[in-house]
Amino acid sequence: MADQIVELYGAENLVLVGIQRRGVQLSERIARIIDEREDTQLPRGALDITLYRDDLQTVGPRPVVGSTHLPWALDDKCVVIVDDVLYTGRTVRAALDELADFGRPARIALAVLVDRGGRELPIHADVVGKVVDVPSGDRVDVLVSELDGEDAVVIVPRRSET
Amino acid sequence: MTEGQRSKVKGQSEHTQPILLRGGRILDPSQGLDTVGDVLVVDGQIEHAGTSLGDVRRDDNPLEIDCNGQVIAPGFIDVHCHLREPGREDVETIATGARAAAAGGFTAICAMPNTDPVTDNQAAVGFIVRQALRAEAARVYPIGAISVGQRGEALAEFGEMVGAGAVAFSDDGRPVVSAHLMRTALEYARSFDVPIADHCEEPTLAAGGSMNEGLVSARLGLKGVPNEAEEIMVIRDILLARRTGGHVHLCHMSTKGSVELIRWGKERGIRVTAEVCPHHLTLTEESVEGYNTNAKMNPPLRTAADVAALRAAVRDGTIDLVATDHAPHHYDEKEREFADAPNGIVGLETALGVLLTHLLHSGAVDLATLIMRMSVTPARVFKIPGGSLKRGNVADITIFDPLHSWIVDPAAFRSKGRNSPYAGARLTGRATCTIVNGRIVHNLDVR
Amino acid sequence: MIPRAGAPAGAAGTASAVPPVSPVVPVGKDLLGLENLTASQIGLILDTAEPFKEISERQIKKVPTLRGMTIVNLFFEASTRTRISFEFAEKRLSADTVNVAASASSVSKGETLVDTARNLEAMRIDMVVIRHGASGAARFLADRIDSNVINAGDGTHEHPTQGLLDLLTIRDHRGPIQGRRVCLCGDVLHSRVARSNIWGLQRLGAEVAVCGPRSLLPNAIEEFGVRVFQRIEEAIEWAEVLNVLRLQLERMTAGYIPSLREYNRVFGVTREKLERAPRDILIMHPGPMNRGVEIDSDVADGPHSVILDQVTNGVAVRMAVLYLLAGGKPELAEAAKGER
């Protein structure tokens, strides 16, 4: 994925922004790889999209709001949003809205580890780690060692927690 | 008895059917009577109260009432009520108050004068007497104001008011702030041999307070009224009664300290009597929790220590009698921010139930003492008819079932007031039949 | 399969991952005071306030979270600072706000508090922020309307958002509240800020003291479980944080203290008194300050003062409270299970 990003967009003016929570860890890993290979110090950011969700009224108890950290001006940059799983596309939509409140990047691209289809909005990922095909009721969760103690991609069937 | 009272007692007794109360527990502390038996009422008077009359046939065809399981007592008398007529008939009238009293087992009540206009002259007193007669329920005796308009300045016309039927004088609602006025009132009242009833509240200490001063008021952020606001006036009144030889009656006592001061006064033979309300014998300041305006009254609910002292005082007679301080308010007025809500709760229809449930059944006070405080002593202290089932006495009788279980529902009150902290409470004990002047004015079954 | 801990069954996310939900019991329909909140509920509000601080640093100080919600600021007492703070919080969450000042509303014509509230509710208000001169007014309102009610100060009872922002400020500068020594100085008897602070601090395990003239401390103050200092010097000797309360001028005319001059001499926080402190004491004040009475200017503007941080934290805390109270309905969450 790191190679693909560099191939598509180059390492100049590149900003990697991970979506809370696990997108942040993935974004950090990709940034490190690019820094090693291209001898750069890429600006990294973290985006919490909770306050921009379109389903806050129905989701029940209030989700915990994580931190948002975008220290660089985004104008004229190429911002690559990094997330763990792309499904309906609503998270990315929220991220796009939030980024718009911070500035006007030259371009925004999307890199995801897993694309599981099932889009509800016209959103596409530019860089994909793996495509999986999973029934719509099931969940696909990515685990990262920084938070969960291991790296894994897990498929959780519907109703296993009811 | 005044002319006015005498004629009232006589006038109503004609044409009433005699009543025979069968097999009840007759409890009359005025003659040390406690026996199962019958009571016969003829022409508005007690003809017999005692051993069963057996199956004696009578020509006058008395109405027989089976009192098995009931207690038959001399009619209860509440010397402290607020009937809002004249002025606030939307909240209570003399008629609705008298009917509420009857439903609560009271055969007589005394109406405080803080009406609008204030009852401070003979015409006003006469008005209340007439309205009460029309109600044909419990008797209503007017209490006149001590000062004109209850303004605490000029003495009102005690003599004329007594002549029209007043049985005592009070500026209740307000304290008598001027010690000089209190002294003069006590002296002047001696000429008519009536008590001066004082609402004991030192105004500068109590100003702005809406509940007892203590931990609860500190937590709720409400200004409190310290015990001393009452006690300072209590001792003042006792000392003035000593100086003047007058009779001071202390309204709605609420603190342990007041009880101690009253004891001090009585030990010295000072003519002081005192009353306590059922709520001060059963509730504490914790009832205010949640800013419950039905726990707001003046004097306020105090602490458990005060409740215990008041109960002991009821037992040993330091507190002479129980009165309700029945104070109806409109729902809208009570439905307000706590500090703005008016003081007072209704009590006529819950008093007996509350006292039986929390004092009798808990073992705090025995039944004879309770009846003493609710009937015998009020009659004696205020010198009004009743308070005894001796032969020849006026037939004011309260029949009650001390085990009747019921739930307080203010919507079913005869009073127009619904402001009771006992709403929804289950009580054990209720008046089942109230007889005034030989006529049934309340009957629970018939409701 | 790896079981997912802490995630509510079926709570939908905008992506496939479920957002981490706090296991704490939600605050409820209203925020009326701190007395009855648990330590974890208070902790939740403070933790939620953290990310909201960042929004006020952005250029576009707005997130769409409460878009479409209508919030009424119902202020029966004049208060510029608290009202503005709430207004900023509401607007930065994209809510629509309406300010009702008691003198402008029909309350002055004698409309009851209940009717005012019901009229507003009939216009489909989502939340009411109320400040009122009567203790218990916020509870009175909350019991009678379905909208969320936030107490912005009721009489002398509670001012929970002030208590919360004070806690957050102490936490920012001195770390966890547990074991911190905080002294509230001044007219505790009439102070809703003091009560909210006492309860909030105690819930989180701080040691709490008060200092002021006895005539301005509640008679039952010891029963609150706080230490009582008779002299400001003793408080300074003991405390890590001094929260200096505003002395209202009316107290002098009502006879609680003889003069403001004496109050400043004996109980005022001055530079010389502070200089004798054995440690670096944090100075706080809920505002507005009576400079030269309860606190001297060189203290209020000095290096120990975090008074302006309190103001900044105020907006973040209020945003957090609004966010947490305007919760979604769990029934809808059930309906939306797994479909997103």
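In chain C, residues 24 or more positions apart account for 73% of the contacts with a separation of 6 or more, a contact being heavy atoms within 4.5 Å. Chain C has 13 helices and nine strands; helices (H or I, at least four residues) and strands (E, at least two) are DSSP runs, numbered from the N terminus. Of the 340 residues in chain C, 59% are buried, where buried means under 20% relative accessible area, exposed over 50%, and partly exposed in between (1.4 Å probe, protein chains only).

This is a predicted model, in which local features need pLDDT of at least 70 and side-chain atom pairs count only at pLDDT 80 or more, while totals for chains, interfaces and linings use all residues. Residues are numbered from 1 along each chain as its sequence is written, chains are lettered from A and ligands numbered from 1 in the order in which they are written, and side-chain values use heavy atoms, with hydrogens and water left out.

**Nonpolar cores**

- The largest nonpolar core has 86 residues, and those with the most contacts inside it are Phe52(C), Leu164(C) and Val210(C). Such a core is a set of buried Ala, Val, Leu, Ile, Met, Phe, Trp, Tyr and Cys residues joined through side-chain atoms within 4.5 Å.
- Helix α12 (residues 307-325) of chain C gives the most to this core, with ten residues.
- Leaving aside residues up to four places away in sequence, Leu164(C) touches Leu31(C), Leu34(C), Ile42(C), Ile45(C), Leu46(C), Val317(C) and Val321(C).
- A second, separate core of 75 residues includes Cys200(B), Leu240(B), Leu352(B) and Phe400(B).
- In soluble globular proteins, nonpolar side chains tend to be buried together.

**Contacts between chains**

- Two pairs of chains are in contact, and chains A and C share the most contacts.
- Chain A and chain B do not touch, their nearest C-alpha atoms being 27 Å apart.
- Between chains B and C, 14 residues of chain B are in contact with 22 residues of chain C.
- About 1,400 Å² is buried between chain B and chain C, with carbon and sulfur atoms giving 58% of this area. Buried area is the accessible area (1.4 Å probe) that two parts lose on being put together, summed over both.
- Seven residue pairs are in polar contact between chain B and chain C (both at pLDDT 80 or more). A polar contact is a pair of N or O atoms within 3.5 Å; within protein, one must be able to donate a hydrogen and the other to accept it, and residues adjacent in sequence count only if both atoms are side-chain atoms.
- Two salt bridges are counted between chain B and chain C, a salt bridge being a side-chain nitrogen of Lys or Arg within 4 Å of a carboxyl oxygen of Asp or Glu. Glu35(C) and Arg219(B) meet in a salt bridge through their side chains (2.6 Å, N to O).

**Salt bridges within chains**

- Over all chains, the count comes to 50 salt bridges.
- Arg44(A) forms a salt bridge with Glu28(A), with the closest N and O atoms 2.9 Å apart. Arg44(A) lies in strand β2 (residues 44-47) and Glu28(A) in helix α2 of chain A, so the pair ties together parts that are 16 residues apart in sequence.
- In chain C, Glu275(C) and Arg271(C) form a salt bridge (3.0 Å, N to O). Both lie in helix α10 (residues 271-275), four residues apart, about one turn of the helix.
- Glu275(C) is exposed, with a relative accessible area of 54%, whereas Arg271(C) counts as partly exposed at 45%.
- Salt bridges that share partners join Asp47(C), Glu50(C), Lys53(C), Arg171(C) and Asp172(C) into one network.

**Backbone features**

- A cis peptide bond with omega of about 10 degrees joins Gln20(A) and Arg21(A). Arg21(A) is in the loop between β1 (14-19) and α2 (22-38) of chain A.
- Another cis peptide bond joins Gly287(C) and Pro288(C), with omega about -10 degrees. Pro288(C) is in the loop between β9 (282-284) and α11 (297-300) of chain C.
- Asn437(B) has a phi near 55 degrees, a positive value in a residue other than glycine. Asn437(B) is found in the loop between β17 (426-436) and β18 (439-443) of chain B, and is buried, with a relative accessible area of 1%.
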